[in-house]
Amino acid sequence: QKTPVPFFADLRTAVRGVLESTTVDDARDVYAAIRRAAPGGLGRAAAHDVADEPTITLVDEMRLAADRDGIAREYATAFELTFGTGAPALDRARRAGLSWDDAIVETFLILLAASPDTHVARRGGAELAAAISKQARGALASGGVGSASGRRAIEGMDRRMRDSRHTANPGTTADLTAAAIFVVLLGGG
């Protein structure tokens, strides 16, 4: 069956409208929430750092951080990966008969294969992030969750990503996957 692209497109248009209407107060509230959550690996930016007081709208702040942060890039692009890759992949996987668990793992792999995880890049370096994306592409090429060889590739990838410092933890991709789940559920998936 065909992906309900009109719903995804309509929702993305609405999200874009909300993002374009953000204010400096919105940026202030989001920065406060980020500081309170205290996510690991953020680092510091020379200007417009989340630890500072914002002076421009939330979406403008996110545009400035888009080159180094995948979540900021989603805000800056009206959630391009979420709506253009993640939600359609999850919707296709569910329509193909995959369980929610398998469909989510497959979607995670597709998103990770599409773009190196910026959380990994900040914590472990760009080379590690690229290597993990390459592993995701390899797992998908081996059949992903739909084959024994794909599942073995996924298990091996999972073992290689675990370390005591969590430098290889693709947290940005996890967030993008959660966003894709939300969009699909909103669409009745």
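The model is predicted: local features need pLDDT of at least 70, side-chain atom pairs count only at pLDDT 80 or more, and totals for chains, interfaces and linings use all residues. Residue numbers start from 1 along each chain as its sequence is written, and side-chain values use heavy atoms, with hydrogens and water left out.

**Stop 1: helix 2**

Select residues 24–37, which form helix 2. Helices here are DSSP runs (H or I, at least four residues), numbered from the N terminus. The expected span is 1.5 Å times one less than the number of residues. For the 14 residues of helix 2 that gives 20 Å, and the end C-alpha atoms are 20 Å apart, so the two agree.

At the start of helix 2, a side-chain oxygen of T23 comes within 3.2 Å of the backbone nitrogen of D25. Go to the other end and pick A38. Just after helix 2, A38 has a positive phi of about 50°. Most residues other than glycine have a negative phi.

**Stop 2: the loop with D67**

Select D67. It sits in the loop between helix 3 (58–65) and helix 4 (70–76). Is D67 buried or exposed? D67 counts as exposed because its relative accessibility is 65%. The cut-offs are under 20% relative accessible area for buried, over 50% for exposed, and partly exposed in between (1.4 Å probe, protein chains only).

D67 and T118 are 51 residues apart in sequence, and their C-alpha atoms are 9.3 Å apart in space.

**Stop 3: A78 and F79**

Move to the loop between helix 4 and helix 5, where A78 is found. F79 is in that loop too. A78 is not a glycine, yet its phi is positive, about 55°. F79, also not a glycine, has a positive phi of about 60°. A78 counts as buried because its relative accessibility is 4%. F79 counts as buried at 19%.

**Stop 4: helices 5 and 6**

Show residues 80–95 (helix 5) and 100–114 (helix 6). At what angle do helix 5 and helix 6 pack? The angle is about 145°, and the axes are 9 Å apart. Axes are lines fitted to C-alpha atoms over the stretch in contact, and angles run from 0 to 180 degrees between N-to-C directions.

Colour the contact residues (heavy atoms within 4.5 Å). Helix 5 brings L81, T85, G86, A89, L90, A93 and R94. Helix 6 meets them with W100, A103, I104, T107, I110, L111 and A114.

Notes
Helices (H or I, at least four residues) and strands (E, at least two) are DSSP runs, numbered from the N terminus. A polar contact is a pair of N or O atoms within 3.5 Å; within protein, one must be able to donate a hydrogen and the other to accept it, and residues adjacent in sequence count only if both atoms are side-chain atoms.
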